[in-house]
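Subject: The structure we talked about

Hi,

Here is the structure I promised to pass on.

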Amino acid sequence: MKSSNAFTITAKDKKTKARAGILHTRKGKIETPFFMPVATKTAVKHISPEDLHEMKAKAIISNALILFLRPGSDIIKKMGGIGKFMNYKGINVTDSGGFQMYSEKFLIKTEENGVWFNSPFDGTKHFITPEKNMQIQLDLGGDVAMCLDNMPLMENTKGEIEEAIRKTFNWAQKCKKEHDKLQKNIPKGKKQLLFGICQGGIYEDLRKTSATEMSQIDFDGFSIGGLALGEEKKDEYKMIEIQKQILPENKPCYLMGAGNPIELLEAISRGIDMFDSRFPTQNARRGTIFTSKGKLKILRKEYKTDKNPLDKGCKCFVCKNHSRAYIRHLLLREEATGMRLATFHNLYFLQNLMEKSRAEIKKGKFLEFKNKMKKIYQKNNIPSPAL
RNA sequence: GCCCGGAUCGUCUAGUGGCCUAGGACUCAACCCUGUCACGGUUGCAACCCGAGUUCGAAUCUCGGUUCGGGCG
C-alpha cells in the first residue's frame with residue numbers, strides 16, 4: 001500500500017451501488033453518505049455553528065478563493081484555521097474556487113498554468129496557480145481540500161470541454177505534488193486530505209477520459225464536478241454512472257453541488273458518498289420546504305392559518321415549536337427569523353435523510369427506501385391536512 | 001348654493017388626440033432555484049368614474065352627471 005486509505009466501506013447495499021462508509025480525517029471521522037451545508041464565508045446563511053452541532057451536521061464546506069480574498073487566508077491562519085475561527089467542531093472542507101470560473105464576476109481568464117481572478121470586493125487581480133491554491137487551502141486549515149479544477153460551462157463546445165478536462169488533469173497533478181510537498185513533515189493522520197475533481201460536461205467519452213486520468217493520481221477521494229447545473233437529470237445520472245465505473249471503488253466519491261433530496265438518493269444508489277449544495281438553504285428562504293411527505297410550498301395561501309408544523313414527523317426544534325402559518329408569515333415579511341427557521345428545518349431534513357440512507361444501506365433496503373421517497377416527491381406540493 | 005382643482009390595475013403611478021388590445025413599481029398567485037446563496041429569476045391576475053359629444057381616430061379635447069379635496073356663502 002503506497003498510502004493509507006482514509007476511507008473504509010462498512011456496508012454495501014444489495015440491489016444498488018449504494019454503500020455506507022467512514023471517512024477518517026484529522027478532525028475525526030464521519031459516516032458516509034453525508035451532506036455538507038455550504039458555509040462559503042465560514043457561515044451557513046442564518047445558521048450558527050451551534051445550530052450545525054444541533055442538527056448533527058458533521059461537515060461543512062467553505063470557499064478557499066472567496067476566503068483568500070476576504071478576510072485573507074493569512075488572517076484565518078493566524079486565527080488557527082477555519083475550524084477554530086468559527087468554533088465549529090465538525091469537519092471543515094474547502095472548495096478550491098474552481099467553480100468561480102463560471103462567474104464573470106470572478107473570472108478574468110484561464111491560462112495554461114493557472115487562472116486570473118478578479119476580486120469583486122475591491123477590484124484587485126490575482127493569478128492563482130494550482131500550487132498557490134494548495135498553499136491557500138493549507139493556510140485556511142480545512143481538513144479536506146479540493147484540487148483547483150477548470151470547470152467548463154454547459155454551453156461550452158465539446159472542444160472547449162476537452163480543453164478544460166486536459167487542464168484540470170494537468171492542474172490536478174500539480175496540486176497533488178505540491179500538496180504532498182507542503183505536508184511532507186506532517187505526521188500521518190494529521191494531514192489535510194485532498195480530492196481530485198472530474199469534469200467532462202455531459203459527454204460520455206469526455207467523462208470517461210477525465211475519470212480515467214484522475215484515477216491515475218493517488219487522491220484521498222474523488223469528486224464529480226460540473227453537474228447539477230440545469231442539465232437533464234437522466235444525463236446527470238448517466239455521467240455519474242460512467243465516472244463511478246472508472247473511479248477507484250475504495251475511495252470516497254463526492255458529487256459537487258447536488259442538494260435536491262431525490263437527486264441525493266439517486267446519486268447514493270449510484271455509489272456517491274458526499275454532497276454539498278446551497279439548494280436546501282436557498283429554497284428554504286424562498287419558501288420551498290423539504291418534508292417526509294414531499295415538497296411544501298409554504299408561501300401558498302392554503303397555509304395561511306395552518307397550525308401544523310412544517311413536517312409532522314420531524315424532530316427538529318422548528319417543527320416542535322412552530323406552525324406553518326407562522327413561518328409562512330415571517331417568510332412573506334422577509335423576517336430573518338423566518339429564514340432561519342426554514343433553513344434549519346431543510347438542513348435538518350437532509351441530515352436526517354442521509355442518516356436514514358445509511359441505515360437503509362446497512363439493512364440492504366436502500367432501493368425500497370429510495371423508491372418510496374421518489375413516489376412521495378412526485379407530487380409538486382403537499383396539501384394542507386388542516387383545511 | 002356658487003367657484004376652483006382632482007378622478008387610470010388592490011395600492012402608488014406613467015400617460016398632453018394615433019407609438020395604449022394602456023407602461024412601471026409594490027402587492028397577490030404559480031413555477032424555478034443545486035461546488036456564486038439576505039433583499040433572486042420567469043410567468044400570470046388586475047385599471048382609463050358614468051353618459052353624451054367633437055374627430056377618420058379619445059385615457060388624452062368639450063359638455064353634463066357622480067364623487068373626492070379646497071375656498072366663498
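Predicted model: local features only at pLDDT ≥ 70, side-chain atom pairs only at ≥ 80, totals over all residues.

Below is what I found, going from the overall build to the details.

**Overall build**

Chain A contains 14 helices and 16 strands. Its radius of gyration comes out at 21 Å, close to the 21 Å that the globule rule gives for 387 residues, so chain A is as compact as a globular protein of that length. Of the 387 residues, 50% count as buried. Looking at contacts in chain A with a separation of 6 or more, 69% come from residues 24 or more positions apart.

**Two domains**

The chain splits into domain 1 (9-277) and domain 2 (284-373). Taken over C-alpha atoms, their centres are 27 Å apart. Where they meet, 26 residues of domain 1 are in contact with 22 residues of domain 2. On the domain 1 side, β2 (19-25), β4 (34-37) and α9 (261-268) each supply at least two residues, and α9 gives the most, with five. That side of domain 1 has 15 nonpolar, three polar and eight charged residues.

**Around the RNA**

RNA strand B has 46 residues around it, and the closest are V38, G225, G257, R278 and R300. Which elements each supply at least two residues of this surface? They are β5 (59-63), β14 (274-277) and α10 (279-285). The largest share, five residues, comes from α10. By class, the surface near RNA strand B divides into 15 nonpolar, 18 polar and 13 charged residues.

An α-helix has 3.6 residues a turn, so residues three or four places apart point the same way.

One joins T32 and P33, with omega about -5°; P33 sits in the loop between β3 (28-32) and β4. Another joins R70 and P71, with omega about 5°, and P71 is in the loop between α2 (64-69) and α3 (73-78).

A228 has phi near 55° and lies in the loop between β12 (221-224) and α8 (233-246). E334 has a phi of about 60° and is found in the loop between α12 (324-332) and α13 (336-363).

Are these residues buried or exposed? A228 counts as buried because it has 20 C-beta neighbours inside 10 Å, and 20 or more is what the buried class asks for. E334 has 9 such neighbours inside 10 Å, so E334 counts as exposed; the cut-off for that class is 12 or fewer.

Cheers

Methods. Residues numbered from 1 in each chain as written. Chains lettered and ligands numbered in written order. Near = placed C-beta within 6 Å. Helix = DSSP H or I, 4+ residues; strand = E, 2+ residues; numbered from the N terminus. Nonpolar A, V, L, I, M, F, W, Y, C, P; charged D, E, K, R; others polar. Domains from an automatic or database assignment. Contact = placed C-beta atoms within 7 Å. Rg over C-alpha atoms; globule rule 2.2 N^0.38 Å.
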